[in-house]
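I want to look up a few side chains and jot down who they meet.

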Amino acid sequence: MAEKGLLKGSKFNGRHSTVIPSAIPAVEAAKACPHVTKIGLGIITPSKAGEERLKFTKASGALKMQVRGTNAVQLFWVYTNRPDETIAEITSKWETR
């Protein structure tokens, strides 16, 4: 479950309001990034225990951000017109968590 207040604001869009704990630093970084216009919360898929990872795939006008937590994987759509700067900013904050 997400921290209280994390998903408030005009940048969020989605049918649910659940963020896996491992994704919270990445979502906070995306929310704070000035290049991000909207964040779409995606599906959560259970997985076997593993190492946390952050992965981006560029799409037209957006980034698909995949966060692998210790026991689940969650997808997010991060809408931006400056994908390289957005990836750098989110990754930097992810690595210093």
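Predicted model: local features only at pLDDT ≥ 70, side-chain atom pairs only at ≥ 80, totals over all residues.

I started with Lys-58, which is exposed because its relative accessible area is 51%. My cut-offs, with a 1.4 Å probe and protein chains only: buried is under 20% relative accessible area, exposed is over 50%, and partly exposed is in between.

Residues are numbered from 1 along each chain as its sequence is written, and side-chain values use heavy atoms, with hydrogens and water left out.

Which residue forms a salt bridge with Lys-58? I found Asp-84, with the closest N and O atoms 2.5 Å apart. (A salt bridge here is a side-chain nitrogen of Lys or Arg within 4 Å of a carboxyl oxygen of Asp or Glu.) Asp-84 sits in helix α2 and Lys-58 in strand β3, so this pair ties together parts 26 residues apart in sequence. Helices (H or I, at least four residues) and strands (E, at least two) are DSSP runs, numbered from the N terminus. I have Asp-84 down as partly exposed, at 48%.

How many salt bridges are there by this rule? I get four. Another of them joins Arg-97 and Glu-52, with 2.6 Å between the closest N and O atoms. Arg-97 is in the segment after α2 (83–95) and Glu-52 in the loop between β2 and β3, so the pair links parts 45 residues apart in sequence. Glu-52 is partly exposed, at 28% relative accessible area.

I also noted Glu-85 and Arg-82, whose side chains meet in a salt bridge at 3.0 Å, N to O. Glu-85 is partly exposed at 33%, and Arg-82 is partly exposed at 38%.

**His-35**

Is His-35 buried or exposed? It is buried, with a relative accessible area of 19%. I found His-35 in the loop between α1 (24–32) and β2. Leaving out residues up to four places away in sequence, His-35 touches several residues, including Arg-82 and Glu-85. (Contact means heavy atoms within 4.5 Å.)

**Ser-47**

Last stop: Ser-47, in the loop between β2 (36–46) and β3 (53–59). Ser-47 counts as partly exposed, at 25%. The side chains of Ser-47 and Arg-68 are joined by a polar contact of 3.5 Å. (That is a pair of N or O atoms within 3.5 Å; within protein, one must be able to donate a hydrogen and the other to accept it, and residues adjacent in sequence count only if both atoms are side-chain atoms.) The C-alpha atoms of Ser-47 and Arg-68 are 8.7 Å apart.
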